[in-house]
Amino acid sequence: MQSIKTFAALLFMFCWSAAWAAEAARVTVPVKPIQVGPHSYYVQGLPGSPSAENQGYMSNAGFVITRDGVVVFDALGTPPLGERLIQEIRKLTKQPIKRVIVSHYHADHIYGLQAFKAVGAEIWAHRDGQQYLNSEVAEQRLAQRREALFPWVDENTKTLPADRWLDGPLSFTMGGLHFDLMHLGPAHSPEDLAMFVREDGVLYSGDVVFKGRVPFVGSADTRQWLAALDKIAAMKPKVFVPGHGEAARDALETIRFTQEYLTFVRTEMGKAVKDLVPFDEAYATTDWSRYRNLPAFDATNRANAYNIYLQMERESM
(Lines give C-alpha, C1' and ligand atoms only; values in the text may rest on other atoms or scores of the structure.)
Protein backbone atom coordinates (compact mmCIF):
# COMPACT_ATOMS: atom_id res chain seq x y z
CA MET A 1 0.00 0.00 0.00
CA GLN A 2 2.82 2.41 0.89
CA SER A 3 4.51 1.83 -2.48
CA ILE A 4 1.23 2.61 -4.27
CA LYS A 5 0.89 5.86 -2.32
CA THR A 6 4.49 6.75 -3.12
CA PHE A 7 3.95 6.04 -6.83
CA ALA A 8 0.75 8.09 -6.82
CA ALA A 9 2.54 11.00 -5.15
CA LEU A 10 5.39 10.88 -7.67
CA LEU A 11 2.91 10.69 -10.55
CA PHE A 12 1.06 13.70 -9.18
CA MET A 13 4.28 15.67 -8.85
CA PHE A 14 5.33 14.73 -12.40
CA CYS A 15 1.97 15.77 -13.86
CA TRP A 16 1.95 18.97 -11.81
CA SER A 17 5.48 19.83 -12.96
CA ALA A 18 4.62 19.16 -16.60
CA ALA A 19 1.48 21.29 -16.33
CA TRP A 20 3.41 24.09 -14.62
CA ALA A 21 6.10 24.00 -17.31
CA ALA A 22 3.50 24.11 -20.10
CA GLU A 23 1.72 27.03 -18.49
CA ALA A 24 4.98 28.87 -17.78
CA ALA A 25 6.08 28.49 -21.39
CA ARG A 26 2.80 29.84 -22.74
CA VAL A 27 3.30 32.67 -25.24
CA THR A 28 1.74 35.89 -23.96
CA VAL A 29 3.42 38.38 -26.30
CA PRO A 30 1.20 39.46 -29.22
CA VAL A 31 1.80 37.40 -32.38
CA LYS A 32 -0.49 38.87 -35.04
CA PRO A 33 -0.34 38.05 -38.77
CA ILE A 34 -0.22 41.08 -41.05
CA GLN A 35 -1.30 40.64 -44.67
CA VAL A 36 1.12 42.14 -47.20
CA GLY A 37 -0.15 40.55 -50.41
CA PRO A 38 -3.14 38.56 -51.71
CA HIS A 39 -1.56 35.37 -50.36
CA SER A 40 1.32 36.66 -48.22
CA TYR A 41 1.56 37.43 -44.49
CA TYR A 42 4.16 38.03 -41.84
CA VAL A 43 4.41 38.40 -38.07
CA GLN A 44 6.61 41.15 -36.67
CA GLY A 45 8.87 40.44 -33.73
CA LEU A 46 9.49 42.93 -30.95
CA PRO A 47 12.56 45.19 -31.05
CA GLY A 48 15.66 44.52 -29.03
CA SER A 49 17.60 41.46 -27.93
CA PRO A 50 16.06 38.18 -26.70
CA SER A 51 14.82 38.41 -23.11
CA ALA A 52 12.21 37.12 -20.69
CA GLU A 53 10.22 40.27 -21.45
CA ASN A 54 9.86 39.52 -25.16
CA GLN A 55 9.93 35.71 -24.63
CA GLY A 56 12.37 35.37 -27.53
CA TYR A 57 9.98 37.01 -29.98
CA MET A 58 12.33 39.48 -31.65
CA SER A 59 12.47 38.39 -35.28
CA ASN A 60 9.99 38.20 -38.14
CA ALA A 61 8.52 35.18 -39.88
CA GLY A 62 6.32 34.98 -42.95
CA PHE A 63 3.90 32.60 -44.59
CA VAL A 64 2.15 32.26 -47.94
CA ILE A 65 -1.21 30.51 -48.32
CA THR A 66 -1.72 28.69 -51.61
CA ARG A 67 -4.62 26.48 -52.69
CA ASP A 68 -2.41 23.40 -52.21
CA GLY A 69 -0.64 24.23 -48.96
CA VAL A 70 1.26 26.81 -46.93
CA VAL A 71 4.88 27.89 -47.35
CA VAL A 72 6.46 29.38 -44.21
CA PHE A 73 9.55 31.59 -44.14
CA ASP A 74 11.47 31.19 -40.86
CA ALA A 75 10.10 29.65 -37.68
CA LEU A 76 10.74 32.19 -34.86
CA GLY A 77 12.99 31.79 -31.83
CA THR A 78 11.33 29.25 -29.49
CA PRO A 79 9.22 26.09 -29.89
CA PRO A 80 6.19 27.76 -28.21
CA LEU A 81 6.47 30.68 -30.64
CA GLY A 82 6.51 28.20 -33.52
CA GLU A 83 3.37 26.57 -32.10
CA ARG A 84 1.74 29.97 -31.75
CA LEU A 85 2.53 30.84 -35.36
CA ILE A 86 0.95 27.56 -36.46
CA GLN A 87 -2.18 28.45 -34.47
CA GLU A 88 -2.36 31.83 -36.20
CA ILE A 89 -1.98 30.20 -39.63
CA ARG A 90 -4.76 27.75 -38.73
CA LYS A 91 -7.10 30.67 -38.08
CA LEU A 92 -6.67 31.70 -41.73
CA THR A 93 -6.55 28.37 -43.59
CA LYS A 94 -7.01 24.63 -43.20
CA GLN A 95 -4.40 23.97 -45.88
CA PRO A 96 -1.49 21.84 -44.65
CA ILE A 97 1.77 23.56 -43.78
CA LYS A 98 4.02 21.85 -46.29
CA ARG A 99 7.33 23.67 -46.27
CA VAL A 100 9.46 25.92 -44.05
CA ILE A 101 12.20 27.93 -45.73
CA VAL A 102 15.01 28.80 -43.31
CA SER A 103 16.60 32.15 -44.14
CA HIS A 104 19.65 31.30 -42.03
CA TYR A 105 20.65 29.29 -38.99
CA HIS A 106 20.60 31.91 -36.25
CA ALA A 107 18.80 31.11 -33.00
CA ASP A 108 15.99 33.65 -33.28
CA HIS A 109 14.82 32.10 -36.57
CA ILE A 110 15.17 28.34 -36.00
CA TYR A 111 14.11 27.06 -32.58
CA GLY A 112 10.48 27.12 -33.68
CA LEU A 113 11.26 24.51 -36.35
CA GLN A 114 10.37 21.74 -33.90
CA ALA A 115 6.74 22.81 -33.93
CA PHE A 116 6.55 22.80 -37.72
CA LYS A 117 8.30 19.46 -37.99
CA ALA A 118 5.69 18.04 -35.61
CA VAL A 119 2.89 18.95 -38.04
CA GLY A 120 4.67 17.37 -40.99
CA ALA A 121 6.34 20.37 -42.64
CA GLU A 122 9.51 19.84 -44.67
CA ILE A 123 12.48 22.08 -43.80
CA TRP A 124 14.51 23.64 -46.62
CA ALA A 125 17.73 25.62 -46.11
CA HIS A 126 20.94 26.44 -47.91
CA ARG A 127 23.73 23.88 -47.54
CA ASP A 128 26.08 26.38 -45.91
CA GLY A 129 23.85 26.28 -42.82
CA GLN A 130 25.56 22.99 -41.98
CA GLN A 131 28.61 25.03 -40.94
CA TYR A 132 26.57 26.44 -38.04
CA LEU A 133 24.87 23.18 -37.11
CA ASN A 134 28.22 21.40 -36.81
CA SER A 135 29.91 24.15 -34.81
CA GLU A 136 30.52 24.77 -31.12
CA VAL A 137 28.76 28.11 -31.62
CA ALA A 138 25.44 26.31 -32.13
CA GLU A 139 25.87 24.40 -28.85
CA GLN A 140 26.95 27.51 -26.97
CA ARG A 141 24.06 29.58 -28.33
CA LEU A 142 21.49 26.94 -27.39
CA ALA A 143 22.94 26.74 -23.86
CA GLN A 144 22.79 30.53 -23.60
CA ARG A 145 19.17 30.62 -24.80
CA ARG A 146 18.17 27.85 -22.37
CA GLU A 147 19.36 30.11 -19.58
CA ALA A 148 18.11 33.45 -20.94
CA LEU A 149 14.77 32.24 -22.31
CA PHE A 150 13.73 29.48 -19.92
CA PRO A 151 11.06 28.06 -19.91
CA TRP A 152 10.38 28.93 -23.59
CA VAL A 153 13.72 27.34 -24.51
CA ASP A 154 14.58 24.34 -22.34
CA GLU A 155 16.31 20.95 -22.33
CA ASN A 156 13.83 19.66 -24.91
CA THR A 157 14.68 22.38 -27.43
CA LYS A 158 16.74 21.13 -30.36
CA THR A 159 18.48 22.59 -33.39
CA LEU A 160 17.05 20.75 -36.39
CA PRO A 161 18.81 20.19 -39.71
CA ALA A 162 17.07 20.75 -43.03
CA ASP A 163 15.27 17.91 -44.77
CA ARG A 164 16.52 19.37 -48.03
CA TRP A 165 19.81 21.24 -48.31
CA LEU A 166 19.91 23.60 -51.28
CA ASP A 167 23.07 24.21 -53.29
CA GLY A 168 22.03 27.60 -54.67
CA PRO A 169 19.07 29.52 -56.08
CA LEU A 170 15.90 27.54 -56.65
CA SER A 171 12.41 28.25 -57.98
CA PHE A 172 9.32 26.16 -57.28
CA THR A 173 5.55 26.37 -57.60
CA MET A 174 2.81 25.51 -55.14
CA GLY A 175 -0.89 26.01 -55.60
CA GLY A 176 -0.42 28.14 -58.71
CA LEU A 177 2.07 30.52 -57.06
CA HIS A 178 5.69 30.89 -58.08
CA PHE A 179 8.45 31.15 -55.46
CA ASP A 180 12.05 32.19 -56.09
CA LEU A 181 14.65 31.33 -53.46
CA MET A 182 17.81 33.41 -53.77
CA HIS A 183 21.09 32.60 -52.07
CA LEU A 184 22.48 35.97 -50.95
CA GLY A 185 25.30 34.70 -48.75
CA PRO A 186 27.90 35.08 -47.64
CA ALA A 187 26.37 38.24 -46.20
CA HIS A 188 24.73 38.34 -42.76
CA SER A 189 25.48 34.60 -42.74
CA PRO A 190 27.05 32.21 -45.25
CA GLU A 191 23.67 30.61 -45.98
CA ASP A 192 21.36 33.65 -46.34
CA LEU A 193 18.25 32.83 -48.35
CA ALA A 194 15.59 35.32 -49.48
CA MET A 195 12.19 34.33 -50.86
CA PHE A 196 10.27 36.21 -53.57
CA VAL A 197 6.58 35.48 -54.17
CA ARG A 198 6.12 36.49 -57.79
CA GLU A 199 2.34 36.88 -57.98
CA ASP A 200 2.28 39.02 -54.82
CA GLY A 201 5.52 40.91 -55.47
CA VAL A 202 6.54 40.24 -51.85
CA LEU A 203 10.18 39.70 -50.92
CA TYR A 204 11.12 38.10 -47.59
CA SER A 205 14.77 39.01 -46.98
CA GLY A 206 15.67 37.40 -43.66
CA ASP A 207 18.40 39.20 -41.73
CA VAL A 208 20.08 40.62 -44.78
CA VAL A 209 17.89 43.60 -43.83
CA PHE A 210 17.21 45.02 -40.35
CA LYS A 211 14.80 47.86 -39.68
CA GLY A 212 14.29 49.80 -36.45
CA ARG A 213 17.14 48.22 -34.47
CA VAL A 214 20.90 47.90 -34.66
CA PRO A 215 21.80 44.95 -36.92
CA PHE A 216 23.62 41.92 -35.58
CA VAL A 217 26.91 41.51 -37.45
CA GLY A 218 28.56 38.57 -35.72
CA SER A 219 31.02 36.98 -38.15
CA ALA A 220 29.25 38.40 -41.22
CA ASP A 221 31.15 39.34 -44.36
CA THR A 222 30.05 42.98 -44.43
CA ARG A 223 31.54 43.74 -47.85
CA GLN A 224 29.53 40.90 -49.39
CA TRP A 225 26.55 41.93 -47.27
CA LEU A 226 26.51 45.35 -48.92
CA ALA A 227 26.69 43.68 -52.34
CA ALA A 228 23.71 41.49 -51.40
CA LEU A 229 21.71 44.59 -50.49
CA ASP A 230 22.39 46.03 -53.94
CA LYS A 231 21.17 42.78 -55.48
CA ILE A 232 17.82 42.74 -53.70
CA ALA A 233 17.30 46.48 -54.19
CA ALA A 234 17.48 45.88 -57.94
CA MET A 235 14.48 43.53 -57.72
CA LYS A 236 12.13 46.39 -56.78
CA PRO A 237 9.53 44.29 -54.94
CA LYS A 238 6.07 45.68 -54.21
CA VAL A 239 6.45 44.83 -50.53
CA PHE A 240 9.63 44.18 -48.58
CA VAL A 241 9.60 42.10 -45.39
CA PRO A 242 12.89 42.41 -43.43
CA GLY A 243 14.17 39.91 -40.89
CA HIS A 244 13.55 42.45 -38.13
CA GLY A 245 11.20 45.40 -38.22
CA GLU A 246 8.16 46.56 -40.12
CA ALA A 247 7.39 45.56 -43.70
CA ALA A 248 7.29 48.40 -46.23
CA ARG A 249 6.32 49.20 -49.79
CA ASP A 250 9.39 51.38 -50.19
CA ALA A 251 12.06 48.72 -50.48
CA LEU A 252 14.90 51.15 -51.10
CA GLU A 253 14.08 53.11 -47.96
CA THR A 254 13.92 49.90 -45.92
CA ILE A 255 17.25 48.68 -47.25
CA ARG A 256 18.93 52.05 -46.76
CA PHE A 257 19.12 51.79 -42.96
CA THR A 258 21.17 48.58 -43.05
CA GLN A 259 23.31 49.92 -45.91
CA GLU A 260 24.09 53.14 -44.06
CA TYR A 261 24.87 51.40 -40.78
CA LEU A 262 27.28 48.91 -42.33
CA THR A 263 28.90 51.60 -44.47
CA PHE A 264 29.31 53.92 -41.47
CA VAL A 265 30.93 51.29 -39.25
CA ARG A 266 33.18 50.05 -42.06
CA THR A 267 34.28 53.62 -42.81
CA GLU A 268 35.02 54.50 -39.18
CA MET A 269 36.81 51.27 -38.37
CA GLY A 270 38.61 51.37 -41.73
CA LYS A 271 40.02 54.81 -40.89
CA ALA A 272 41.18 53.52 -37.52
CA VAL A 273 42.92 50.54 -39.08
CA LYS A 274 44.61 52.73 -41.68
CA ASP A 275 45.84 55.16 -39.00
CA LEU A 276 46.90 52.33 -36.64
CA VAL A 277 44.43 53.47 -33.97
CA PRO A 278 43.73 50.69 -31.43
CA PHE A 279 40.14 49.44 -31.39
CA ASP A 280 39.22 50.67 -27.89
CA GLU A 281 40.31 54.19 -28.78
CA ALA A 282 38.60 54.04 -32.16
CA TYR A 283 35.33 52.90 -30.61
CA ALA A 284 35.44 55.52 -27.86
CA THR A 285 36.05 58.39 -30.28
CA THR A 286 33.45 57.36 -32.88
CA ASP A 287 30.23 59.40 -32.84
CA TRP A 288 27.52 56.76 -32.30
CA SER A 289 24.77 59.29 -31.60
CA ARG A 290 22.74 58.29 -34.65
CA TYR A 291 22.38 54.72 -33.37
CA ARG A 292 22.84 54.97 -29.60
CA ASN A 293 19.12 55.11 -28.75
CA LEU A 294 18.06 52.29 -31.04
CA PRO A 295 17.03 48.87 -29.66
CA ALA A 296 19.91 46.37 -29.34
CA PHE A 297 22.61 49.07 -29.41
CA ASP A 298 24.02 48.17 -26.01
CA ALA A 299 23.85 44.45 -26.71
CA THR A 300 25.39 44.40 -30.18
CA ASN A 301 27.07 47.59 -31.33
CA ARG A 302 30.47 47.25 -29.68
CA ALA A 303 30.81 43.64 -30.82
CA ASN A 304 29.71 44.69 -34.32
CA ALA A 305 32.34 47.38 -34.44
CA TYR A 306 35.08 45.05 -33.18
CA ASN A 307 34.27 42.36 -35.73
CA ILE A 308 34.25 44.93 -38.52
CA TYR A 309 37.55 46.38 -37.23
CA LEU A 310 39.06 42.90 -37.62
CA GLN A 311 37.55 42.60 -41.10
CA MET A 312 39.05 45.90 -42.15
CA GLU A 313 42.43 44.70 -40.90
CA ARG A 314 42.14 41.59 -43.07
CA GLU A 315 40.96 43.59 -46.08
CA SER A 316 43.93 45.96 -45.73
CA MET A 317 46.49 43.16 -45.98
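How many positive and negative side chains does the chain have, and how far apart do the centres of the two sets lie? In this predicted model, there are 33 positive and 36 negative side chains, and the centres of the two sets are 6 Å apart.

The overall build of the chain comes next. The chain has 10 helices and 12 strands. Along the principal axes, its C-alpha atoms fill a box of roughly 80 × 50 × 35 Å.

Aromatic rings give a more local view. A pair of aromatic rings is described by the distance of the centres and the angle of the planes. The whole structure holds 14 aromatic pairs. One of them is formed by Y261 and Y291, with 5.0 Å from centre to centre and 85° between the planes, an edge-to-face arrangement. Y261 belongs to helix α8, whereas Y291 sits in the loop between α9 (279-285) and α10 (297-316), so this pair ties together parts that are 30 residues apart in sequence. Both partners are buried: Y261 has a relative accessible area of 0%, and Y291 has one of 2%.

A further pair joins F264 and W288. Their ring centres are 5.7 Å apart and their planes meet at 80°, so this pair is edge-to-face. F264 lies in helix α8 and W288 in the loop between α9 and α10, so the contact ties together parts 24 residues apart in sequence. The surroundings of the two residues can be stated separately. F264 is partly exposed, with a relative accessible area of 24%, while W288 counts as buried at 1%. The residues of both pairs belong to a cluster linked by ring pairs, which includes F257, Y261, F264, F279, Y283, W288, Y291, Y306 and Y309.

Helix α8 covers residues 251-274, and K274 lies in it. Is K274 buried or exposed? K274 has a relative accessible area of 73%, and because exposed means over 50%, K274 is exposed. The C-alpha atom of K274 is separated by 7.9 Å from that of S316, although the two residues are 42 apart along the chain.

Technical notes
Residues are numbered from 1 along each chain as its sequence is written. This is a predicted model: local features need pLDDT of at least 70, side-chain atom pairs count only at pLDDT 80 or more; totals for chains, interfaces and linings use all residues. Side-chain values use heavy atoms; hydrogens and water are left out. Helices (H or I, at least four residues) and strands (E, at least two) are DSSP runs, numbered from the N terminus. Buried means under 20% relative accessible area, exposed over 50%, partly exposed in between (1.4 Å probe, protein chains only). Lys and Arg count as positive and Asp and Glu as negative; His and the chain ends are not counted. The place of a charge is taken as NZ of Lys, CZ of Arg, CG of Asp or CD of Glu. Rings of Phe, Tyr and Trp (its six-membered ring) pair if their centres lie within 6.5 Å; planes under 30 degrees apart count as stacked, over 60 as edge-to-face and the rest as tilted.
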